[in-house]
Amino acid sequence: MHDVRFVRFWAFFMGKMNYSIDYKGLAVGRHEFNFVVSGSFFTDKNADRIVDAQIDVKVTMEKSSRQMELLLSINGTLKVECDRCLDVFEMPLQVECPLVVKSSGEGDEQDDIDVLWITPEDDSIDLTDYIYDTVCLSLPFQVVHPNVEDCNQDMIARFKSVTVEEFDEMFPEIEDDGSSEVGLSDENMAKLAALKQSAQNTEKK
């Protein structure tokens, strides 16, 4: 088993973490591995919802002659932007997810998110994308401070006072149906469309 403190030191020393498991030399039985995930892991992948991160990933593997059963325990904190006031805050993260690794000459044979297919020529199991997808999917649809009192009240007051005309001046590319002809992500488009709807509702009161 790799000690978490050693993994942190090694990640700092090397500058970039490797999220792969060299499995071919492992004996049948139980094995444990530890990985460290930092903010650069997400910024390198342009994950705009995650500003920074400090995450420990513990992988428990049960290796048999036919397959490998993995259990990923992901714990730590994420720094995310509040959808309500736009301030950055820390969100705790605690996720456990199983993953079965099977070998096949055909590669990815089935569309199963809990099964990772590898070829006999693969010497290692790359968990990079699986860790990334698991963390991102663990985020709620709306990321906000747990208590509205923790939000930036000045920003909330400002959002409530934005008129539809002011919104259209700031974001002329946003249509009433939330569509846009510019290259904004669907996530950012949804946020802006919701803000415009909020301004319209406020004007009707």
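## A walk through the strands and the core

Start by selecting cysteine 82: at 0% relative accessibility, this residue counts as buried, where buried means under 20% relative accessible area, exposed over 50% and partly exposed in between, using a 1.4 Å probe and protein chains only. Before you go on, know that this is a predicted model, in which local features need pLDDT of at least 70, side-chain atom pairs count only at pLDDT 80 or more, and totals for chains, interfaces and linings use all residues. Residues are numbered from 1 along each chain as its sequence is written, and side-chain values use heavy atoms, with hydrogens and water left out.

A disulfide here is a pair of cysteine sulfur atoms within 2.5 Å, and the structure holds 0 of them. Now click on cysteine 136, which counts as partly exposed at 23% relative accessibility.

Next, colour strand 4 (67-81) and strand 5 (88-103). Helices (H or I, at least four residues) and strands (E, at least two) are DSSP runs, numbered from the N terminus. Strands 4 and 5 pair in the antiparallel sense over 15 bridges; two strands pair if DSSP finds at least two bridges between them. Look for isoleucine 74, with valine 95 of strand 5 standing opposite. The hairpin of these two strands has 6 residues between the strands, and leucine 86 takes a positive phi near 75° there.

Strand 5 has another partner: with strand 6 (residues 115-118) it pairs in the parallel sense over 4 bridges. Select serine 103 to find isoleucine 118 of strand 6 opposite.

Which of its 42 residues touch the most other members? Select Phe42, Ile55, Leu70 and Leu78. Helix 2 (39-43) and helix 3 (128-138) are among the elements that each supply at least two residues of this core, while strand 5 gives the most, with 7 residues. Zoom in on leucine 78: setting aside residues up to four places away in sequence, it touches partners including Phe42, Ile55, Phe89 and Val135.

Last stop: threonine 60, in strand 3. Buried or exposed? At 12% relative accessibility, threonine 60 counts as buried. Leaving aside neighbours within four places in sequence, threonine 60 is in contact (heavy atoms within 4.5 Å) with Arg30, His31, Glu32, Glu69, Leu70 and Leu71.

Methods
Core = buried A, V, L, I, M, F, W, Y, C linked by side-chain atoms within 4.5 Å.
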